[in-house]
Amino acid sequence: MSADQKSIGEMLVATVPMTRTLNLEFLETSPERAVVTLPDQGEFHNHVGGPHAGALFSLGESASGAVVLAAFGEQLSRAVPLAVNAEIAYKKLAKGTVTATATLGRPVAEVITELDAGTRPEFPVSVAISRADGAVTAEMTVVWTLRPSG
């Protein structure tokens, strides 16, 4: 993990209390992709012994936020990244440690061009949440925007 990748994860842990609460670990962060894990923790289990749906949602949303910060961190002086909406589909029972892999859905340059033109660009981030055996347990899409400051 590079210093920049580590600093994004550290920044999120320092500024977003839910990431600390869930003990999320940021494994990879780039402008195209972020990988974040949720360790197996009994206090966050549901009635069937896997991570609660809310914990899985928070994992996926946190991974999407990490890729957004990696992609658009240089724009923070003039725009605030905000989640606009999110959808999640639970596919299989999650057990043990789960991993969210978030992928930016539009080219960074395209989004910045829209911001430069004075618009409020929106862009999707796709997230696959999987368990250790590789089975995808949930799929999520978070639509983000860059709201111009001022």
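**Cavity, core and strands of a predicted model**

Let me begin with the largest cavity, whose lining consists of Leu-38, Pro-39, Asp-40, Gln-41, Phe-44, His-45 and Pro-51. On a 1 Å grid over the protein atoms alone, a cavity is a set of points where a 1.4 Å probe fits but cannot get out, and lining residues have an atom within 4 Å of a point. This cavity holds about 40 Å³ of space, and one cavity of 30 Å³ or more is counted in total. Grid points are joined across faces, edges and corners, and a volume is the space filled by probe spheres set on the points.

I should state the basis of these remarks. This is a predicted model, in which local features need pLDDT of at least 70 and side-chain atom pairs count only at pLDDT 80 or more, while totals for chains, interfaces and linings use all residues. Residues are numbered from 1 along each chain as its sequence is written, and side-chain values use heavy atoms, with hydrogens and water left out.

The second largest pocket has about 160 Å³ of space; a pocket is an open set of points with protein on both sides within 12 Å along at least five of seven lines. Its lining includes Leu-12, Ser-58, Gly-65, Pro-81 and Trp-144. Helix H2 (17-21) and H3 each give two or more residues to that lining, and H3 gives the most, with six residues. Helices (H or I, at least four residues) and strands (E, at least two) are DSSP runs, numbered from the N terminus.

Which residues touch the most other members of the largest nonpolar core? They are Leu-59, Phe-72, Phe-123, Val-125 and Ile-129, in a core of 36 residues. Such a core is a set of buried Ala, Val, Leu, Ile, Met, Phe, Trp, Tyr and Cys residues joined through side-chain atoms within 4.5 Å. Buried means under 20% relative accessible area, exposed over 50%, and partly exposed in between, with a 1.4 Å probe and protein chains only. H3 supplies the largest share of this core, 10 residues.

In H3, 15 of the 20 residues are buried, so the helix is mostly covered.

I turn now to the strands. S4 pairs with S2 in the antiparallel sense over six bridges, and Val-36 has Ala-100 as its bridge partner. S4 and S5 also run antiparallel, joined by seven bridges, with Leu-104 partnered by Val-125. Two strands pair if DSSP finds at least two bridges between them.

Thr-37, in strand S2, is buried, with a relative accessible area of 9%. Beyond its neighbours within four places in sequence, its contacts (heavy atoms within 4.5 Å) include Leu-24, Leu-59 and Val-98.

Val-111 belongs to helix H4. Is Val-111 buried or exposed? Val-111 counts as buried because its relative accessibility is 0%. Leaving aside neighbours within four places, Val-111 contacts Phe-72, Arg-106, Pro-121, Phe-123 and Leu-146. Phe-72 is 39 residues away in sequence, with 9.1 Å between the two C-alpha atoms.

Technical notes:
Expected span 1.5 Å × (residues − 1).
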